[in-house]
Amino acid sequence: MQIKRQFTVNTSADKVWQILGHHFDRVADWASGVYVSQGKPSARVLPDAPYSGRVCETVIGYLDETITRYDEKERIVAYIAKSKKMPFFVKHLSNHWTETLLNNNQCRVEMCMETALLPVFNLIMAPVMRMQLNPVIEETIEELKYFAENGLPHPRKLEARQKYQLKSA
């Protein structure tokens with residue numbers, strides 16, 4: 001199953017690449033579904049990549065994300081995600097972000113999420129998962145755009161951060 005999105009961000013391509021590429025580890029700064037994130041240093045860091053991946057505490061539990069492609073020149077970052085709380089029928093979950101310069105104050109971002117399900121479950125669960133993932137993806141895109149264009153987290157992220165801090169206290 002593939003879910004693709006393409007959208008325009010009204011700020012410099014360099015600023016967006018800072019967020020998606022150089023600060024890959026800091027997704028918790030702007031995404032409301034991610035409470036805490038940190039980079040995974042290891043001996044297997046891809047050339048130019050800031051980390052080998054990241055570990056995130058999210059609304060669905062802990063995710064371990066490993067960078068599978070990092071291209072500074074083409075501005076591409078791709079990663080696979082694993083979680084102990086992922087349903088057993090999900091064999092693979094990956095995401096791929098590409099950023100392209102449009103002009104000095106605009107860039108296009110493409111996101112492609114791929115999920116491989118066990119064949120028997122693909123017919124039944126793919127439509128359900130798509131319905132569940134679509135609103136999350138739309139919120140994430142809105143929050144990325146807001147953060148890149150305004151330099152501040154989206155109000156939804158601020159609310160999620162406050163709820164997490166109360167829960168943790």
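1. Two strands are taken to pair if DSSP finds at least two bridges between them, where strands (E, at least two residues) and helices (H or I, at least four) are DSSP runs numbered from the N terminus. In this predicted model, local features need pLDDT of at least 70 and side-chain atom pairs count only at pLDDT 80 or more, while totals for chains, interfaces and linings use all residues. Residues are numbered from 1 along each chain as its sequence is written, and side-chain values use heavy atoms, with hydrogens and water left out.

2. The sheet is open and holds seven strands in the order 1-7-6-5-4-3-2, with antiparallel pairing. Strand 1 and strand 2 (34-40) form its edges, each pairing on one side only. Neighbouring strands are turned by 20° against each other on average, direction ignored, with axes fitted as lines to C-alpha atoms, for helices over the stretch in contact, and angles running from 0 to 180 degrees between N-to-C directions.

3. Within this sheet, strand 5 and strand 6 run antiparallel and are joined by five bridges; Ile76 stands opposite Thr98 of strand 6.

4. Helix 2 touches strand 1, strand 6 and strand 7, and its direction makes about 15° with that of strand 1. Helix 3 (residues 155-168) touches strand 2 and strand 3 (53-58), and its direction makes about 90° with that of strand 2.

5. A nonpolar core is defined here as a set of buried Ala, Val, Leu, Ile, Met, Phe, Trp, Tyr and Cys residues joined through side-chain atoms within 4.5 Å, with buried meaning under 20% relative accessible area, exposed over 50% and partly exposed in between (1.4 Å probe, protein chains only). The largest such core has 33 residues, of which Trp97 and Val109 touch the most other members. At least two core residues come from each of strand 1 (2-9), helix 1 (13-22), strand 4 (61-71), strand 5 (76-82), strand 6 (90-103), strand 7 (106-117) and helix 2 (119-150). A second, separate core of six residues includes Met1, Phe89, Leu117 and Met129.

6. Leaving aside residues up to four places away in sequence, the contacts of Val109 include Trp97, Phe7, Val16 and Leu20, as well as Arg5 and Glu99.

7. With a disulfide defined as a pair of cysteine sulfur atoms within 2.5 Å, the count is zero. The sulfur of Cys56 lies 19 Å from the closest cysteine sulfur, that of Cys112, which is too far for a bond; for Cys107 the closest is likewise in Cys112, at 18 Å, again too far. Cys56 is buried at a relative accessible area of 2%, and Cys107 is buried at 0%.

Technical notes: Contact means heavy atoms within 4.5 Å.
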